[in-house]
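Visitor: I am new to this structure and would like to learn how to read its helix packing. May we go through it together?

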Amino acid sequence: MMQKENISIYIQDTLHKNKILKLKDCRLWLSSIFKKNSSITIRIVSEKESQSLNYSYRNQKKPTNILSFLLSENPIIGDIILCHPLIKNEAKNQNKKIRSHYAHLLIHGYLHLLGYSHDKELDASTMEKKEIHVLKKYGFQNPY
């Protein structure tokens with residue numbers, strides 16, 4: 001757990017002994033958008049767990065790379081579920097470093113907790129611009 005300025009980040013990695021995500025990286029990547037008093041849990045899961053959650057909450061019978069669950073808006077409390085096998089394959093197929101893909105998806109997931117959406121074209125454009133801006137700030141290329 002990392003707590004600074006009333007910001008808490010917990011990482012649960014169900015797949016790796018050596019954690020794939022480091023708290024200091026998550027803290028840095030989210031620092032410019034993180035709301036004070038926020039508390040998030042980042043959970044790294046298998047395709048089976050991702051599919052189970054995606055089916056339970058979105059009625060989709062397939063795993064997904066990321067799911068965000070908002071538990072409280074003020075302060076922001078939420079869970080971000082990241083499916084490592086899918087993320088690893090996507091990074092390889094898109095010729096990206098896995099670290100940059102994780103950074104993108106973590107920022108994407110946190111923006112969902114803040115209320116950003118990509119259901120409509122205008123909303124998607126706004127969200128993508130925000131993601132690109134934050135990623136650029138930390139030396140990552142445009143993921144789109």
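Visitor: Is the crossing of α4 and α5 left-handed or right-handed?

Guide: Please note at the outset that this is a predicted model. The crossing of α4 and α5 is right-handed.

Visitor: Which residues of α4 and α5 make the contact?

Guide: From α4 come Ala 103, His 104, Ile 107, His 108, Leu 111 and His 112, while α5 contributes Met 127, Lys 130, Glu 131, Val 134 and Leu 135. Sorted by class, this contact has 6 nonpolar, 3 polar and 2 charged residues.

Visitor: At what angle do α4 and α5 pack?

Guide: Helix α4, residues 98–113, and helix α5, residues 121–137, pack at about 130°, and their axes lie 10 Å apart.

Visitor: Is His 108 buried or exposed?

Guide: A residue counts as buried under 20% relative accessible area. His 108, found in helix α4, has a value of 11% and is therefore buried. Leaving aside residues up to four places away in sequence, His 108 touches Ile 66, His 118, Met 127, Glu 131 and Tyr 144.

Visitor: How do α1 and α4 pack?

Guide: Helix α1, residues 23–30, packs with α4 at an angle of about 55°, with the axes 10 Å apart; the two are therefore oblique to each other. Their crossing is right-handed.

Visitor: Which residues in α1 and α4 meet?

Guide: Asp 25, Cys 26, Trp 29 and Leu 30 in α1 meet residues in α4 including Arg 99, Tyr 102 and Tyr 110. This contact of α1 with α4 divides into 8 nonpolar, no polar and 2 charged residues.

Methods:
Residues are numbered from 1 along each chain as its sequence is written. This is a predicted model: local features need pLDDT of at least 70, side-chain atom pairs count only at pLDDT 80 or more; totals for chains, interfaces and linings use all residues. Side-chain values use heavy atoms; hydrogens and water are left out. Axes are lines fitted to C-alpha atoms, for helices over the stretch in contact, and angles run from 0 to 180 degrees between N-to-C directions. Helices (H or I, at least four residues) and strands (E, at least two) are DSSP runs, numbered from the N terminus. A crossing is left-handed if the near helix is turned anticlockwise from the far one by less than a right angle, and right-handed if clockwise. Contact means heavy atoms within 4.5 Å. Ala, Val, Leu, Ile, Met, Phe, Trp, Tyr, Cys and Pro count as nonpolar, Asp, Glu, Lys and Arg as charged, and the others, Gly among them, as polar. Buried means under 20% relative accessible area, exposed over 50%, partly exposed in between (1.4 Å probe, protein chains only). Angles under 35 degrees count as roughly parallel, over 145 as roughly antiparallel, 65 to 115 as roughly perpendicular and the rest as oblique.
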